[in-house]
Amino acid sequence: MLNRWRWTIARKLALAITAIVLLCLGTMAWVTNLSLQRGFVSYLNQLQTQDLDQLRVLLEQRYRREGNFEWLRGRPRVLGDLVAEMQPQLQADAADERPPRGRPDGRRGPPRGEGPPRTDGSPGYGPPTYGHPAPPPRPRADPPPNRHDPVGFLSRISIVDADGRNLIGPPDFPPGIERDIKVDGQVVGRMRLLPLRQASGSDASAAGFLRDQLRNIVLLACALLGLAILAAIWLARHLLRPVAALRDVTAQLARGEFAARAPLLLRDELAELALHVNAMAEALQASEQQRRQQLADVSHELRTPLSVIRGEIEALQDGIRQADTQALASLHAEVLRLNQLVDDLHQLTMADAGDLQYDWQVVELAPLLQPLLLRYQSRARDRGLDLSWQLAPQPLRVRADAGRLTQVLINLLENSLRYTDSGGQIVLTLLPLGAQAEITLEDTAPGVPAGALGQLFERLYRVDAARTRERGGSGLGLAICRALVQAHGGEISASASVLGGVRMQLRLPLYTGG
């Protein structure tokens, strides 16, 4: 149950999208409502300004007839009559809202069979008579207060005469929209209109209009929010499908199932992640296969000297061989071979783990190579080989561990001495190559097949035709050389030599410091 209702990434993503959409919709609804109210109030104020100008014209006309404003002083009903005169449309609308007279069925005119009242004094209705005056119309009742003033136009007007005395409105009327009342170019009064601040409390129809608009906005926002929730759920599930696939693949890799691969469902960053996971799985699979192969090779390498030592000891125990100097020398050689293999494995393992210690210093290559080559020249002569070298005249300095670098050169020279046929030659050159120093070691036949050159630096690899176990070596020397050279920031490679053997190229970055 807990696993079912946990906060998965898909649910978090859907919730985050929903929250963002809700915030955006809420903000949009609030801003829209605020803008609608302000815009509506501004629209009403513009209309009221036009009404104020129309009322100013009526006041100027009445002033011309009366000669003063005494007819208006303290008489807001007179001002209401003027407002009613300038609003004929509102009066017509108000008349249309009243029910028609006379017909109970709602149609205009008297009922069928009825006419205007008889003129002979008898009751009832009859056909219209001719030659007699029609009865005077009934006077209309005054409309209720504010019938034609739905937004409180009259209550927001203040009028003063030319001397500043109040005609309509309180003396401390707040500032607003002002207009001068002019007659024949002379200011005879001033009128002021207090602008509307909000429409909700000024008119029921305006408040209803705003409520309807707000309700529509809220309903639209709710509908959009519902669609956004559905879209967020679908989008979260759609986007996180590759994540679920990656989760399953990584779980398989954690169980040691390195053959698992992640499917490429999309072409985005998750697809790149799936490619990286697949590459990691391939590397793990190759590493596992290499580990198993190395364990088998190490077991095989250890079994041979141990079997020889065991046979020698059993022969001594059974009295088949005498414990003489020759038997002890054979045992000693096998122990040395076993010790060399164990030391090489230990050193290579530490190099892979980065635990080898290095004494970094600036080393000049020519003085480092000279004594080493002189020492190996006598050994090469004893084997019937000719060792020669060519060193660059200018100083070539590198940042290196002199001991580890000497170990690399010894391994390369030992391989050449061990696997070059008698009568051959070995040539070493040291030359600058751009920002690198290049050490090249070439020997004569027998060489290495072209297909085996790329495998010489693999662990426990031997070329059966030339690198046989009888000539010694553990098959780890070149692998150790590559690890040490890479730790120095350099590179080492093998290729076919023009002399008929193998060409080893070692490149190290030159030291550029002071």
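How far apart do the end C-alpha atoms of residues 217-236 lie, and what share of the span is helix or strand? In this predicted model, numbered from 1 along each chain as its sequence is written, local features need pLDDT of at least 70, side-chain atom pairs count only at pLDDT 80 or more, and totals for chains, interfaces and linings use all residues. Side-chain values use heavy atoms, with hydrogens and water left out. The end C-alpha atoms of residues 217-236 are 28 Å apart, and the span is 100% helix and 0% strand. The unreviewed UniProt entry annotates residues 217-236 as "transmembrane region"; UniProt positions follow the numbering used here, feature names are shortened, and annotations may be inferred rather than shown by experiment.

The protein chain contains ten helices and eleven strands, taken as DSSP runs (helices H or I, at least four residues; strands E, at least two) numbered from the N terminus. Of its 514 residues, 34% are buried, where buried means under 20% relative accessible area, exposed over 50%, and partly exposed in between (1.4 Å probe, protein chains only). Among contacts in the protein chain with a separation of 6 or more, 65% involve residues 24 or more positions apart, a contact being heavy atoms within 4.5 Å.

A search of the whole structure gives 19 salt bridges, each defined as a side-chain nitrogen of Lys or Arg within 4 Å of a carboxyl oxygen of Asp or Glu. One of them joins the side chains of Asp161 and Arg73, with an N to O distance of 3.4 Å. Asp161 lies in strand E1 (residues 157-161) and Arg73 in the loop between helix H1 (9-66) and helix H2 (76-85), so this pair ties together parts that are 88 residues apart in sequence. Asp161 is buried, at 8% relative accessibility, whereas Arg73 is partly exposed at 25%.

A salt bridge also links Glu414 and Arg379, whose closest N and O atoms are 2.7 Å apart. Glu414 belongs to helix H9 (residues 402-419) and Arg379 to helix H8 (residues 365-382); the pair thus links distant parts of the chain, 35 residues apart. The relative accessible area of Glu414 is 18%, which places Glu414 among the buried residues, while Arg379 is partly exposed with 31%. Elsewhere, salt bridges that share partners connect Glu70, Arg73, Asp161, Asp163 and Arg165 in one network.

A nonpolar surface patch is formed by Met28, Leu220, Leu224, Leu227 and Leu230, which together have about 480 Å² of accessible area. Patch residues have over 30% relative accessible area and no salt bridge; like charges are joined within 9 Å, and nonpolar side chains (Val, Leu, Ile, Met, Phe, Trp, Tyr) within 5 Å. H4 contributes the largest share of the patch, four residues. Leu230, located in helix H4, is exposed with a relative accessible area of 57%.

Thr420 is located in the loop between H9 and strand E8 (425-433) and is buried at 6% relative accessibility. The side chain of Thr420 reaches the backbone oxygen of Ser416 at 2.5 Å. Leaving aside residues up to four places away in sequence, Thr420 touches Leu385, Asp443, Thr444, Ala445 and Pro446.

In helix H10 (residues 477-487), the buried residues include Leu478, Ile480, Cys481 and Leu484. The buried residues of H10 pack against helix H7 (325-353), H9, strand E10 (491-496) and strand E11 (500-509). Just after H10, Gly489 adopts a positive phi of about 80°. Helix H7 also contains Arg337, which is partly exposed with a relative accessible area of 28%. The C-alpha atoms of Arg337 and Pro305 are separated by 7.2 Å, although these residues are 32 residues apart along the chain.

Conventions:
Polar contact = N/O pair within 3.5 Å; in protein donor to acceptor, adjacent residues only side chain to side chain. Areas by Shrake-Rupley, 256 points an atom, 1.4 Å probe, with all protein chains shown as cover.
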